Amino acid sequence: MTFRALFLSVVFVAVPFGTAMAADKVDGENRARMLGDYLSGSYARYLKDPTAQSTFFQDAYSLAPEDKQLGRLALYSALFSDDKKLAKETAERLYRQEKTESMARAVLAVDAFSRGRPARVRKYATDPTADFTMGLAMKILLGWTQVDEGKYEAARETFQSINETGYFKALGELQIAKMEGRRGNVDAANAAFDAVETTGIAPLEYGLARARFEASNKMKDAAVARLEAMIEENAAAEIGPVGAYLTRLKAGKRLPKLSERAEAARALTDPSFAFFVRNESVDGAETFLRFARWVDPDFDRAAIWLAGLLEETHPDMDPATQREIIALYEGV
């Protein structure tokens, strides 16, 4: 018995509103196939089989190409199965249907940013959207595109527009601190870093970023003291980037200077756990981590956190093991 036939023989799932509308426009055998593919994709999602999920949702979308909800499911599934080519193609299809489709715009902006195409990033990421999650990703990409182009005041406005309060205001302020540090504006960078420090958000990335800033602005002793304090607070940090930075500084070596792609990847990574997982949005966390990996495949922290997230959410894993995994990689 095929996977589709087995699933349809044991369970029926109500089709969402958008898909039901599209189903009415698909006749005969194709309608049955579309519904079967949709239901099989839903079951594959429940089983956490991203490859099968992507295959079924793509097949369903091809049979009901006017259904934007199916298109969005197909797009998420392609992204979660790590098929960037398919994700881009699906995003292009959705974007052609509706220029305001936020997920399609975000994926196309990620692809454009990763290829160093600023005009395309602006094309997809500039217009506002009511979708906060995708809007956040696009603002991060747009802001670092503007930094790369030397449009610093525009970048400041973009980062400040991330949010006016709370965690995301601090995340935007951290991007401003990094930008000012790269420009050599010591006072402005210190003021922005101080504002982030009082919030306590992103302690790992904040500490690493400020150490890079201090070390590159003749404040090596302050950078060393900062990194040593981070290790004293969390001994596990010694085997990660904190320990690596400290070793480099004590050996008289410079800390790495990050590209705009690397900075954007870090900005996309931190909200995955600091916000999305803590607010029980696993899909949001995975989306941002996969965006970060797309933008900068060499960023190890995003890879480690993504692996941890997938392990943590595995359906056969007991809660105690999940907690142990989170404790291991939070300091990496």
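# Helix packing and cores in a predicted model

Visitor: How do α6 and α7 sit, axis to axis?

Guide: In this predicted model, the axes of helix α6 (residues 84-97) and helix α7 (residues 102-114) come within 8 Å and cross at roughly 135°. That angle makes α6 oblique to α7, since angles under 35 degrees count as roughly parallel, over 145 as roughly antiparallel, 65 to 115 as roughly perpendicular and the rest as oblique. Axes here are lines fitted to C-alpha atoms, for helices over the stretch in contact, with angles from 0 to 180 degrees between N-to-C directions.

Visitor: Which hand is the crossing of α6 and α7?

Guide: The crossing of α6 past α7 is left-handed, meaning the near helix is turned anticlockwise from the far one by less than a right angle; clockwise would be right-handed.

Visitor: And which residues meet there, α6 against α7?

Guide: From α6 you get Ala87, Lys88, Ala91, Glu92, Leu94 and Tyr95, meeting Ala104, Arg105, Val107, Leu108 and Asp111 of α7. Contact means heavy atoms within 4.5 Å.

Visitor: OK, zooming out: how many helices and strands does the chain have?

Guide: The protein chain has 19 helices and 0 strands. Both are DSSP runs numbered from the N terminus: helices are H or I with at least four residues, strands E with at least two.

Visitor: What share of the residues is buried?

Guide: Buried residues are 49% of the 332 in the protein chain. Buried means under 20% relative accessible area, exposed over 50%, and partly exposed in between (1.4 Å probe, protein chains only).

Visitor: Which residues have the most contacts inside the largest nonpolar core?

Guide: Ile140, Leu141, Leu268 and Phe291 do, in a core of 80 residues. A nonpolar core is a set of buried Ala, Val, Leu, Ile, Met, Phe, Trp, Tyr and Cys residues joined through side-chain atoms within 4.5 Å. There's also a second, separate core of 14 residues, including Leu204, Leu208, Ile231 and Leu246.

Visitor: What does phenylalanine 291 touch?

Guide: Setting aside residues up to four places away in sequence, Phe291 touches Leu79, Met103, Ala106, Val107, Val110, Met134, Ala137 and Leu268.

Visitor: And tryptophan 294, buried or exposed?

Guide: Buried, because its relative accessibility is 6%. Trp294 is in helix α17 (residues 282-295). Beyond neighbours within four places in sequence, its contacts include Leu79, Lys84, Val107 and Asp111. Trp294 and Leu79 are 215 residues apart in sequence, yet 9.8 Å apart in space, C-alpha to C-alpha.

Visitor: Switching to glutamine 53, what does it touch?

Guide: Gln53 touches Gly41, Ala44, Arg45 and Ser77, again not counting residues up to four places away in sequence. Gln53 belongs to helix α4 (residues 50-63) and counts as buried at 7% relative accessibility.

Visitor: Where is alanine 202, and what's its phi?

Guide: Ala202 lies in the loop between α12 (186-199) and α13 (203-215). Its phi is positive, about 45°, although Ala202 is not a glycine. At 5% relative accessibility, Ala202 counts as buried.

Visitor: What about glutamate 280, buried or exposed?

Guide: Glu280 is exposed, with a relative accessible area of 76%. Glu280 lies in the loop between α16 (260-277) and α17, and its phi is positive too, near 60°.

Technical notes. Residues numbered from 1 in each chain as written. Predicted model: local features only at pLDDT ≥ 70, side-chain atom pairs only at ≥ 80, totals over all residues. Heavy atoms only, no water.
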